[in-house]
Amino acid sequence: MADDKLFLTYNQQMRKLRNDKGILCSGSLHKKILVRAGYFNIVNGYKTPFVSGQDENGNHIYISGTSIDQLQAVKQFDEKLRSFLLRYITQVEEETKTLARYKFDECNENGAITWYSVDAYSPNKSLQEKMSVISKAYSELSKSQLDYVSFYMKNHKQIPSWIMFKVVNFSTFIDLVRYSKTEVSHSLCHLYGLEDEEGRPNVKLLIGSLHWMRKIRNSCAHNERVYCLT
């Protein structure tokens, strides 16, 4: 077993940082950083800006004077960035789902064609694609523990589109946008100015942007690093 896989006390971790990595780490305040953040989280997560190269054995060489305080500062910046991004991503998520649901019903005879009918989706998409997204939406609705979903399940013959769009995972929502009639994706493009030089909706950019937003959102929600996300 490699040395870095062995259990190390906080004092041993501090010595490892000083002796093996040349990172300044001593005293009770630095130990508190390790206690609260964890060695792996703070060192492996936030060391990259301070690495200047590698030695002959492949070990990282750190910029002279690097301290655990500096790694902690990058971690704190990352935490603020996650909070900032999540705030606005959830806002965009709500906006896109609200407008998409409205346009979905509007272009389907004002909701007369239900979301679980293949006729509610683009004629340019395959039956398999349309059945797949309908199936995913059904599955996620059936697993939902939300009160209003349970109420509709027990008291109504069908789940309305506004509930379906609100409840489904964001990845499923993106598929709904991809496979819906063009009015849905075009309305979102116009909302956010995702258009080409001639003002035509750039659906490819929309779908790519939604997937990128989903990736960042998931990283924020699971407390993963976002400052270096690519």
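The model you are looking at is predicted. Start with helix H2, which spans residues 27–37, then move on to H8 with H10, and finish with strands E1 and E2.

- An α-helix has 3.6 residues a turn, so residues three or four places apart point the same way.
- The buried residues of H2 pack against helices H1 (10–21), H3 (39–46) and H4 (68–106).
- On the face turned away from the buried side, Ser28 and Arg36 are exposed.
- Gly38 follows H2 and has a positive phi, near 90°.

**Helices H8 and H10**
- H8 (residues 170–179) packs with H10 (residues 203–221) at an angle of about 175°, and their axes are 10 Å apart.
- Angles over 145 degrees count as roughly antiparallel, and H8 and H10 are therefore roughly antiparallel to each other.
- H8 brings Phe170, Ser171, Ile174, Val177 and Arg178 to the contact, while H10 brings Leu206, Ile207, Leu210, His211, Met213 and Arg214.

**The hairpin of E1 and E2**
- Strand E1 (residues 51–54) pairs with strand E2 (residues 60–62) in the antiparallel sense, over three bridges.
- Across the pairing, Gly53 stands opposite Ile61 of E2.
- Five residues lie between the two strands of the hairpin, where Gly58 takes a positive phi near 85°.

Definitions and conventions
Residues numbered from 1 in each chain as written. Predicted model: local features only at pLDDT ≥ 70, side-chain atom pairs only at ≥ 80, totals over all residues. Heavy atoms only, no water. Axes fitted to C-alpha atoms, helices over the stretch in contact; angles between N-to-C directions. Helix = DSSP H or I, 4+ residues; strand = E, 2+ residues; numbered from the N terminus. Parallel < 35°, antiparallel > 145°, perpendicular 65-115°, else oblique. Contact = heavy atoms within 4.5 Å. Pairing = 2+ DSSP bridges. Buried < 20%, exposed > 50% of the residue type's maximum accessible area, 1.4 Å probe, protein only.
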